There are 2 protein chains.
Amino acid sequence: MRTSIATVSLSGSLTEKLTAASRAGFDGVEIFENDLLASPLTPEEIRARCADLGLTIDLYQPMRDIEAVPSDEFDRNLRRAEHKFRLMRRLGADTVLVCSSVSPLAVDDDELAARQLRRLAELAQDFGIRVAYEALAWGRHVSTYDHAWSIVEQAGHPALGTCLDSFHILARGSDPKGIEDIPGEKIFFLQLADAPLMAMDVLQWSRHYRCFPGQGGFDIAGLVGHVIRAGYQGPLSLEVFNDVFRQAEAGPTAVDAQRSLLVLQEAAGLAEPPAPVVPSGIAFAELVTPDAEPVSAILEALGFTRTARHRGKPVDLWQQGEARVLLNTGPAARRDGTSLAAIGLESPDPAGAARRAEALLAPVLPRRRAPEDAPLDAVAAPDGTELFFCATDSSELPHWTSDFEPAEHQPPTHHGARRTGHKPSPDGGVHHIDHLALTQPWHQFDEAALFHRSVLGFGAQESVDVADPYGLLRSRAVTSADGSVRIALGVGPAPTADEGGRAQHIALATDDVVTAARRFRAAGGRLLPMPPNYYDDLAARYEFTDDELETYRELGILYDRDADGEFRHCYTETVDRVFFELVQRDGGYRGYGAPNAPVRLAAQHARRPVG
Amino acid sequence: MRTSIATVSLSGSLTEKLTAASRAGFDGVEIFENDLLASPLTPEEIRARCADLGLTIDLYQPMRDIEAVPSDEFDRNLRRAEHKFRLMRRLGADTVLVCSSVSPLAVDDDELAARQLRRLAELAQDFGIRVAYEALAWGRHVSTYDHAWSIVEQAGHPALGTCLDSFHILARGSDPKGIEDIPGEKIFFLQLADAPLMAMDVLQWSRHYRCFPGQGGFDIAGLVGHVIRAGYQGPLSLEVFNDVFRQAEAGPTAVDAQRSLLVLQEAAGLAEPPAPVVPSGIAFAELVTPDAEPVSAILEALGFTRTARHRGKPVDLWQQGEARVLLNTGPAARRDGTSLAAIGLESPDPAGAARRAEALLAPVLPRRRAPEDAPLDAVAAPDGTELFFCATDSSELPHWTSDFEPAEHQPPTHHGARRTGHKPSPDGGVHHIDHLALTQPWHQFDEAALFHRSVLGFGAQESVDVADPYGLLRSRAVTSADGSVRIALGVGPAPTADEGGRAQHIALATDDVVTAARRFRAAGGRLLPMPPNYYDDLAARYEFTDDELETYRELGILYDRDADGEFRHCYTETVDRVFFELVQRDGGYRGYGAPNAPVRLAAQHARRPVG
């Protein structure tokens, strides 16, 4: 279906908004009146700009407080409307949105509302314009879609129809099934917005917290289904008021918006992009660093072995069990020190995974990075992390490991004595990467979860608040259904210039975190010390023996428990902004130790030089 | 009364929190358990630190999910409590907060709750500890203060009392009058928090939006009155969960917090700080600039005359009617270019105004800046702006203008031919400063309004949202009752490193903005051009003649109307981050042209070099 977006959904000048909408592949726009008023372009110039960009102007919006008013007031409204209809002619827009009145002058009289809207439609028709009447959820007398439609029906004019808005319908708790009773040709327009489910004043909710379909809690696909079955032929158009998007760059926001419509169409059965190929494991995590020594020392103390080196680039492969870490000291090393730059995802169908990612607008990275590299499909996540789709153990597909030359005196990398599966390693060895923690750009946190869900086929857990000493962080985990891939997406308390500056980490799974931590320390590794008061609290809450508690205290091991199992974990020191975690999951524990995060964050702040 | 603050109300490590509370003059603290757990200090070290800082530990908090549970669960709770009582002994804290249970295990059985709380109190008594039981607004079975009190009464143990929390009481809409029925000695503790009036989930409201008394919409002083009349003898203690304060520096937040309690005590009749002395006009606005030329050129084109120069410093006085602008090129010039650094406020009692400011913790600035300066009382506002209390026309007090030497060929400054009062100047002349617009630090926006209200005796209007192309701004006006002083406080959409970087402006009152704008342009001044589409919209909304509209369009004059009158205004170009506005108020218009702000902001962005 055709896609459209209201200019109010994007930041910047009208020109910036239009450019962003066009680049993201939208077919049309709704022009928000204030954006036009503030633009230095004339209506004719805006019309030409849209035409150059391949955008139609699908709606001019909004007209307010028109109907069900005393006749002298209505005369003034008609005068105002006539001005706007002339403007719309210059603009080349043929549909105008009229919101149900919130004016204290409006009376509760459907017959008067219908008569005045009919008069407005007659005037509009003279200009070749159609009027789409919409119920605001906080309209004074008309606040539900079926009420708005009954007035439109009563008015009975061909230039008058209704506009449906998913937010206004679903925020009121209306049943969208009744939409199917409206003749499709009388649904002049469909505006779509999702929103997180919140118990709050509906006007504030609408003005500040709307989001793109799939980012909130409404069943937008279900609503679209009803609208399509009613026979609606117009565009799917996004109208999102959101304080965060207002600050974000228009370009990425427009891409996120378009992706949300692609996913929505798939969910509503209106489009069939390539099916998701859910990753089945983490093949590797790639760190870039200007200085390999500090991270190499930690990896070595953790029991990793440098098993291979890339044939053409300064990239070392460090391995232990199924856990693989690439250490890249090449020009890819970002200027801000050591960081987690890429993730290899095991995929049953790497090319298929890349096809879906591309169809859902993920930037596809060049397929080969050097002539001798094995072909690897890769895309960029919204935070810039490179995602490589790999098939490490496939006999049919080229191996990414074939680009690597075994280090001297080391077993070969990809058909050597590696453990397969997650067999217990009672010696405290690491057997795989438990999860990765990535910090997201502040303005794209909601988008990141939608990206991982829709592009990669992950499930997203609820967002949790974590109290850092200097502000509230939010964290949201995305995982494959079987838990073989877990990524924790985090975001800071406020947008900062240094958005990449927060810590990232690699969590390594072991069956015996106490032994693993002891071995790490014996090999010269430094663990993050935890405050003794934490262990007094553990003693109050759980029945550990004194010996156990003393061991945990000595090693800085934290503990959590949920209905399914237990979690013990500890942390290495931090290099620039990267650190490692050793984790032991027992039973079916599903979390990431979130209750311990404030203690860990405070301990990390305490280790950091002030300022 | 003694004042106290919960450590959760301040950001940083426990040490930083304690230091900030002590410096701001608090007598005690509530130690929030998580702050203790995350601290590297032992309980004994925390106790010693508090003693060194002159702080008592008034409360340890919170214990949760204790009461009305099955007996095996209650046994575990008692075990946990005993651990915490031992900890409190080490800490030297003798009162613990127990919140009403939210556990799914809790049953609706007051008798059981009372029996278990009595058992807890018996145990506490063995440790010399008192238990303060509080109703959470979202407690599972106990959510109102009178219910919590009835359980405490039923339990009937001397070591068991109740804790009252203004948020939990007022957010539920409970009538606080019933507090007077509780014996004062059974009110073990009083926690205070205000909150903006919002229709939202009470748990989210409490966890993220609490604020200090006077910053929100609750009648905290009324509630405190009831508590005092009940005979409460404990401290007034702040417990504020707020996402913004979590990110703000602890030091300024603690001062804001203490000020809120001083103002609260005044409002509740518990303290009598020096009475407010409301300013009666704006004596001057002082701009600091590294280069006087651009601003001087604008002032000259606006019709200002350089009437005098400071005897000892590179400060020029520019004057027109009662509007005075000081242009300071001395070392006070901040490194970030031209800015509005100080405001002279006409005061009927400058020394009295300064005494109140000092009593309410406003930093008092050195009284004289150079040996020959006339004594001037001055304090710093939260945004760093210097506020001078002046008596320009007093015959008894020293004149600030006596530090200035009349410029050659100019009439003397302070007893010359100046107009007095706001007489009409039909020639388009400026007769006074209409208002000043200041940008506030993001983390202190609510505090700024409280400062201007409490320290200066201004009234605060509602906060309004203003759509900038790159994010939503908020603006809130503070004014003297007669409108002689108006200050618009603004804040950006997000905290930035460059918080002083946003525009400030001086709005100048004229009786004829068209003539004033024409004269300015004829004298070489550059007005901010406004988009033509804005004038098409004016034509649609109001019945201006074509000539009027053409004039407004030509000069970039904006228009607004309210129930009381009309407002016409236009803007000069911007120098660094300062610009001037010419405003014509007719009738009793009370606003600042907020509906036009998005158009003005877009026009200013359009004039700015990209990047």
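User: Before we start, how are things numbered and which values count?

Analyst: Residues count from 1 along each chain as its sequence is written, while chains are lettered from A and ligands numbered from 1 in the order in which they are written. The model is predicted, so local features need pLDDT of at least 70 and side-chain atom pairs count only at pLDDT 80 or more, while totals for chains, interfaces and linings use all residues; side-chain values use heavy atoms, with hydrogens and water left out.

User: Which domains does chain A have?

Analyst: Domain bounds come from an automatic or database domain assignment. Here that assignment gives domain 1 (3-267) and domain 2 (281-607) of chain A. Contact means heavy atoms within 4.5 Å, and for this pair 17 residues from domain 1 of chain A and 16 residues from domain 2 of chain A take part.

User: How do I read the area buried between domain 1 of chain A and domain 2 of chain A?

Analyst: The size of an interface is often given as the accessible area lost when the parts come together. Buried area uses a 1.4 Å probe and is summed over both parts. Domain 1 of chain A and domain 2 of chain A bury about 1400 Å² between them, with 56% of it on carbon and sulfur atoms.

User: And how many salt bridges cross the interface of those two domains of chain A?

Analyst: A salt bridge is a side-chain nitrogen of Lys or Arg within 4 Å of a carboxyl oxygen of Asp or Glu. The rule finds two between domain 1 of chain A and domain 2 of chain A. A:Arg259 pairs with A:Glu447 in a salt bridge, their closest N and O atoms being 2.4 Å apart.

User: Which helix gives the most to the domain 1 side of chain A?

Analyst: Helices are DSSP runs (H or I, at least four residues), numbered from the N terminus. Helix 11 of chain A gives the most to the side of domain 1 that touches domain 2, with ten residues.

User: Now the two chains: how much area do chain B and chain A bury between them?

Analyst: Chain B and chain A bury about 3700 Å², 54% of it on carbon and sulfur atoms. B:Leu37, B:Tyr470 and B:Asn533 supply 16% of the area that chain B buries against chain A, more than any other three residues.

User: How many salt bridges are there across the interface of chain B and chain A?

Analyst: The rule finds four. B:Lys84 and A:Asp537 meet through their side chains in a salt bridge, at 2.5 Å from N to O. Helix 16 (residues 532-541) of chain B brings the largest share of the side that touches chain A, eight residues.

How values were computed
Helices (H or I, at least four residues) and strands (E, at least two) are DSSP runs, numbered from the N terminus.
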